[in-house]
Amino acid sequence: MVDLFANLAHGFAVAFSPINLLMCLIGALVGTLVGVLPGIGTIATVAMLLPITFGLPPVGALIMLAGIYYGAQYGGSTTSILVNIPGEATSVVTALDGHQMAKQGRAGPALAIAAIGSFFAGCVATVLIAILGAPLTKLALAFGPAEYFSLMVLGLIFAVVLAKGSVLKAIAMIVFGLLLSMVGSDIETGASRMAFNIPELADGLGFATVAMGVFGFAEIIRNLDHGAEMSRDLVQQKITGLMPTRKDLIDSAPAIGRGTVLGSILGILPGGGAVIASFAAYTLEKKLAKNPSRFGRGAIEGVAAPESANNAAAQTSFIPLLTLGIPPNAVMALMVGAMTIHGIVPGPQVMQKQPDLVWGMIASMWIGNLMLVIINLPLVGIWVRLLRVPYRLMFPSIVIFCAIGIYSVNNAPVDVILAGVFGLVGYWLIKHDFEPAPLLLGMVLGPLMEENLRRALLISRGDWSVFVSRPLSAVLLAIAAGLLVLAVLPTLRAKRDEVFVESEG
Amino acid sequence: MNWCGRSLASASLALAALLSAVVAPARAQDYPTRSITMIVPFAAGGPTDVIARIVTGHMAQTLGQSIIIENVVGAGGTTASARAARAANDGYTLITGHMGTHAASVPLYPNLAYHPEKSFEPVGLLAGTPILILARKDFPPKDLKEFVTYVKANAEKVNAAHAGVGSVSHVSCQLLNSVLGIEPVGVPFNGTGPAMNALVAGQVDYMCDQIVNAVPQINAGTIKAYAIATPERNPSLPNVPTTAEAGLPAFQAQAWNAIFAPKGTPAPIIAKLNAAAVKALDDETVRKRLLELGSVIPQPADRTPEALGTLVNNEIKKWTPVLKPAG
């Protein structure tokens with residue numbers, strides 16, 4: 001414990017040097033901007049800024065890159081709430097209730113609660129990294145292919161629960177998402193699947209491409225649709241208070257707490273941790289709510305929980321990097337690249353060998369979160385005022401920003417065309433009451449699910465029993481089965497409600 | 001209407017200016033007169049990217065023009081290579097290719113949109129990255145000899161991890177397997193990070209990988225290294241024997257990185273670029289940073305465009321029988 005305080009004190013001493021404070025602020029600002037601009041993802045930004053860090057001292061460079069990463073989690077919710085375009089995979093669920101709140105004139109409270117939730121989650125997760133970083137590493141190592149597969153199954157069940165309308169349509173969308181995720185190279189043989197000899201499809205469809213299409217472009221087409229004229233005006237006129245009311249805060253507090261816990265745990269897992277965390281947090285809130293039908297219609301918990309979860313996950317995803325030296329996702333891999341360029345190759349001893357770097361970064365995360373909440377809360381007013389911009393000016397700007405963002409991911413013009421195609425598909429889906437969120441979750445989880453299924457079966461030589469003989473995997477599958485039964489059988493759900501009423505009484 | 005006409009006029013003027021800049025004959029003695037684009041076929045921060053950035057940073061000083069790195073990822077680097085092959089051969093678009101894109105791709109991708117020899121002019125070899133044979137820390141064999149006996153006896157049971165079809169770890173493990181005459185189950189991961197995670201966690205038995213990210217893990221004892229597949233030991237891992245010392249001289253593999261220009265790039269421009277690359281490799285700072293990465297800096301005789309041409313030719317011959325077409 002004494003060590004911990006000494007280390008943290010050392011970290012704060014490093015992080016409070018003027019240059020590192022400046023780097024942290026730049027990172028937070030760029031991150032917010034990246035999050036706000038639809039389509040421009042953190043991976044592309046960190047990759048673009050990597051060369052700039054050449055000339056910087058390594059600690060400052062990494063503090064800045066880390067700031068961009070978690071800063072984007074703050075900003076990512078902004079477009080989700082205001083214009084129903086999730087900037088990052090992790091803020092897809094935020095759009096569900098966030099945008100409904102905006103439509104009811106409550107964009108201010110939605111944005112504010114997202115920032116407050118993110119701040120709380122960020123602070124807790126930072127402390128968690130400092131205290132429990134090393135022991136939690138075991139979790140990252142305990143998760144083998146079989147466990148991942150089971151976790152992904154659980155994730156897909158979450159997607160069913162997400163739907164506010166027909167369960168059958170939600171399942172159809174998940175399956176459609178899974179199918180889309182199969183476009184690209186087969187992981188085992190490298191053979192091309194459903195790519196139609198288009199070289200740009202050889203690596204599959206990008207998340208940004210599909211998300212911008214089915215959410216962004218489809219939403220714009222729908223808004224330009226004659227019948228939607230009225231609801232748009234509503235968004236512009238009905239703006240009430242900017243800050244959350246007392247009731248909002250009381251409603252959100254438990255959701256923020258639960259979101260933080262879920263996000264912190266799932267963030268440690270390499271791969272899609274943060275995405276699953278946001279979906280899981282939303283599902284949990286909907287399941288715990290006394291009146292689940294409020295969700296999807298502007299429930300503030302539906303914004304608070306996933307936003308806390310994704311920010312907590314963004315922070316704890318540093319744990320495998322800082323303790324094992326292994327990057328758990330693409331952004332972290334870029335950070336390893338940044339370290340390598342500075343002659344630091346991270347490994348299991350990085351904490352002992354680079355205390356300045358590790359503790360400086362941990363301390364900077366807390367400072368960065370504070371900066372972000374200070375940056376973001378006053379911005380709420382500006383964002384809300386943006387809603388008053390006439391739509392004939394707003395929609396071309398959104399289209400341009402989306403197009404630039406999509407292009408910047410792979411420098412590929414084909415991606416922009418594809419996003420346009422998905423815009424039309426998305427419009428058709430909206431018109432027929434299919435919700436795009438389960439589709440995106442299916443698309444994000446699909447590859448992880450398929451790859452881990454095949455890895456697990458390769459290692460077990462085709463023996464399916466690994467999924468139930470490994471305890472962690474069995475538990476996850478059991479939870480998934482339980483959730484599915486609850487979601488699919490309405491009669492059973494009714495009975496469950498009775499049981500709850502009885503036990504409460 | 002007026003506005004429209006004016007903007008059209010200015011647009012056509014701009015277009016004319018642009019055209020004249022492109023069409024103007026590239027005079028080799030003036031080269032380079034503007035910035036050069038260096039395509040790196042992998043993500044920023046990866047081994048190839050880091051090497052390209054270290055070397056081109058110095059080359060830019062020599063050439064007096066900036067070199068802009070453009071990371072184009074996808075399909076094992078073949079998307080980027082195809083794009084570089086189609087680029088204008090005026091010396092302003094180059095590519096840092098490696099063992100995968102400019103040799104192993106030939107047998108791996110039957111529909112390759114370019115050919116390493118027919119579509120490119122070799123410029124110069126930058127650095128080699130040694131390949132190691134790595135295993136989980138509690139894998140029974142103690143040294144390479146035991147490893148060979150063990151995997152041959154248990155070929156049905158052992159799992160080899162790799163970072164995806166066409167990756168250096170996949171390609172080099174295929175070579176190891178063909179040398180040993182075994183076909184173990186290869187477990188594919190998305191990149192070296194997840195593959196290393198699985199090895200550290202003990203979910204897979206062994207893998208072949210580049211030295212860069214393995215050194216800290218080996219030093220911390222989370223994984224073990226049986227041998228390094230180069231003729232000489234590496235200064236960053238002095239205790240790891242070479243494959244020749246450990247009794248498997250047939251397994252020699254290095255992931256090399258080299259600069260290529262589109263076919264037909266004028267010889268004087270190639271010579272200028274090669275001279276700049278050679279100068280960079282003689283620079284103390286560049287050498288120090290490359291050595292820190294565990295890279296092997298090529299000897300002067302191996303740095304000429306001709307030597308690179310021979311290397312590519314030999315490597316294609318080496319990998320073709322080892323790698324079955326993937327798709």
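Six of the six residues of β8(B) are buried, so this strand is largely enclosed by the rest of the structure. A residue is buried if 20 or more other C-beta atoms lie within 10 Å of its own, exposed if 12 or fewer, and partly exposed in between, with C-beta atoms placed from the backbone. This is a predicted model: local features need pLDDT of at least 70, side-chain atom pairs count only at pLDDT 80 or more, and totals for chains, interfaces and linings use all residues. Residues are numbered from 1 along each chain as its sequence is written, while chains are lettered from A and ligands numbered from 1 in the order in which they are written.

**Confidence**
- The model scores ipTM 0.80 and pTM 0.82.
- Chain B has a mean pLDDT of 86, and 90% of its residues reach 70 or more; pLDDT is the predictor's confidence in each residue, from 0 to 100.
- Within chain B, confidence is highest in β8(B), at 95, and lowest in helix α1 (residues 2-23), at a mean of 47.
- Residues 1-9 of chain B have pLDDT below 50, and this stretch has zero contacts in the model beyond near neighbours in sequence.
- Two residues are in contact if their C-beta atoms, placed from the backbone, lie within 7 Å.

**Chain B overall**
- Chain B holds 11 helices and nine strands. These are DSSP runs numbered from the N terminus: helices are H or I with at least four residues, strands E with at least two.
- A compact globule of 327 residues would have a radius of gyration near 20 Å; chain B has 22 Å, which agrees. The radius is taken over C-alpha atoms, and the globule rule is 2.2 Å times the number of residues to the power 0.38.
- The C-alpha trace of chain B spans about 80 × 45 × 35 Å along its principal axes.
- Of the 327 residues of chain B, 55% count as buried.
- Among contacts in chain B between residues at least 6 apart in sequence, 78% join residues at least 24 apart.

- β8(B) pairs with β4(B) in the antiparallel sense over five bridges; two strands pair if DSSP finds at least two bridges between them.
- B:Lys224 in β8(B) stands opposite B:Ala135.
- Eight of the 10 residues of α8(B) are buried, so the helix is largely enclosed by the rest of the structure.
- Those buried residues include B:Ile211, B:Asn213, B:Pro216 and B:Ile218.
- Their cover includes α15 (330-341) of chain A, along with α2, β4 (120-136), α7, β7 (206-210) and β8 (223-228) of chain B.

**Interface**
- 46 residues of chain B are in contact with 40 residues of chain A.
- α8(B) gives the largest share of the side of chain B that touches chain A, seven residues.
- That side divides into 23 nonpolar, 18 polar and five charged residues. Ala, Val, Leu, Ile, Met, Phe, Trp, Tyr, Cys and Pro count as nonpolar, Asp, Glu, Lys and Arg as charged, and the others, Gly among them, as polar.

**Chain A**
- A:Val485 is found in helix α22 (residues 471-488) of chain A.
- With 13 C-beta neighbours inside 10 Å, A:Val485 counts as partly exposed.
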